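Morning, everyone. I have one structure to show you. Let me put it up.

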Amino acid sequence: MKRSNDFTEGNIFISLFKFALPVMLALFLQALYGAVDLFVVGKYASTPDISGVATGSMLMHTVTTVITGLSMGITVLVGRRIGEKRPELAGKAIGAGIALFTIMTVILTVLVVSGAEWLSALMKAPEEAFSQTVAYTRICGVGMIFIVAYNVLGSIFRGIGDSTTPLITVAVACAVNIVGDLLFVAVFDMGTAGAAYATILAQALSVVISLLIIRKKQLPFEFSVKDIRLEKNIIKEEVKIGAPVALQDLLVGMSFLVIQAIVNSIDVIASAATGVGSKVCSFLMLVPSAYSMSMSAFVAQNLGAQKPERAKKALYYGIITSFVVGGLMSWLSIGHGDLLASIFDDDAAVIASAHSYLKAYGIDCLMTPFLFCFIGYFNGHSRTVFVMLQGLIGAFGVRIPVAYLMSLRDGAQLFDIALATPASTVVQIIMCIAMFVFINRKITKNRDLSQIYS
């Protein structure tokens with residue numbers, strides 16, 4: 001049995017950075033093969049096709065974030081068991097998680113495939129882009145099994161401290177998606193549907209590669225097919241950790257869907273511009289997103305080993321590192337957002353509107369390093385109920401109301417509507433600071449961490 005990355009010993013910054021770097025590269029490639037869809041469609045198809053991909057991919061992104069949030073239960077539980085030196089229980093946690101997500105896959109496939117038209121109407125997809133939105137959503141729904149499997153496998157690898165394997169699989173998948181987009185959209189002229197087929201094909205290949213690696217890899221836990229079962233107590237613990245994150249991700253995702261619907265009601269140019277801006281933002285937020293995901297496993301292992309100070313220092317290092325990068329991303333989006341948007345579309349109106357959208361996100365780039373690292377820290381502490389609450393307050397107490405009120409202004413621009421996001425981030429950071437102080441006071445009073453995060 002091979003030891004996983006041990007985050008409980010050695011230099012904290014180097015350990016965290018070495019783990020976060022492959023996660024960041026994997027997120028970059030994942031964002032890239034999502035962006036390639038929009039890029040190829042923007043170059044070889046029409047503005048309605050761009051709008052269809054933008055709205056459809058946002059719908060699927062919301063579904064994916066729910067899966068990722070729930071799978072956090074696997075990441076944290078596996079990381080904790082490894083930190084406690086109990087690898088046999090880590091294997092059982094993985095088996096129970098696989099059983100749970102198999103059931104979820106069936107439910108999500110039925111809901112997305114059968115409800116594609118209803119979901120597109122709910123999103124107020126522009127009339128000229130409605131059929132494209134339905135097609136993209138339905139095709140991705142058919143491939144739901146690969147979307148779920150990819151994210152569950154990623155949660156397992158992160159839990160055992162392996163961020164390199166997901167990087168390898170997504171790199172191959174990215175290459176396949178690029179080839180698929182060029183083939184289906186540019187050569188066969190399949191538009192939105194072609195982009196969806198290429199995305200699902202890429203996800204499927206990444207899952208196959210992950211399974212092949214698992215078969216040949218020495219793993220730091222004991223696992224057999226017999227472990228794949230609905231173990232009530234284990235699933236209860238995984239759901240207790242992951243469900244609040246999943247619910248938060250769902251409702252936060254819904255808040256962005258509401259904003260997309262508000263924008264869709266303006267016109268197809270605004271719809272396409274928001275899609276372009278959102279794709280650019282997925283790159284702008286790479287570093288804090290990587291640290292957020294890495295922080296959960298790092299903190300979980302150190303709490304399992306009764307080393308809270310290492311977890312706290314990891315939080316500080318994550319914030320400092322991602323803030324430095326955030327400053328650069330802010331400068332790019334505010335000063336050169338038009339250049340970034342032009343990568344995806346040649347339409348001058350779409351580019352100008354997307355730049356307006358990105359200027360607001362340039363402000364957010366300076367704050368998300370704090371928010372995302374705090375979220376990863378709290379997830380590692382199993383404080384996922386708080387993560388859910390702060391996300392809901394930010395989304396429904398600030399982001400949606402501000403976006404709606406801004407949209408009512410005469411001559412409202414996408415910049416005005418997008419300001420809702422940094423406004424919500426400010427409120428969420430204030431809540432996170434208060435929770436951080438509360439947790440560390442409890443740790444000072446009670447050194448038995450099993451009592452704190454149980």
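A caution before I go on. This is a predicted model: local features need pLDDT of at least 70, side-chain atom pairs count only at pLDDT 80 or more, and totals for chains, interfaces and linings use all residues. Residues are numbered from 1 along each chain as its sequence is written, and side-chain values use heavy atoms, with hydrogens and water left out.

Now the fold. We have 18 helices and zero strands; these are DSSP runs, H or I of at least four residues for helices, E of at least two for strands, numbered from the N terminus. Of the 454 residues, 60% are buried, meaning under 20% relative accessible area, with exposed over 50% and partly exposed in between (1.4 Å probe, protein chains only).

On to the aromatics. There are 12 aromatic pairs. Rings of Phe, Tyr and Trp (its six-membered ring) pair if their centres lie within 6.5 Å; planes under 30 degrees apart are stacked, over 60 edge-to-face, the rest tilted.

Take Tyr316 and Phe436. Their ring centres are 6.3 Å apart and the planes sit at 65°, so this pair is edge-to-face. Tyr316 is in helix H12 and Phe436 in helix H17, 120 residues apart. Tyr316 is partly exposed at 39% relative accessibility; Phe436 is buried at 14%.

Phe374 and Phe378 are stacked, 5.8 Å centre to centre with 10° between the planes. Both lie in helix H14, and both are buried.
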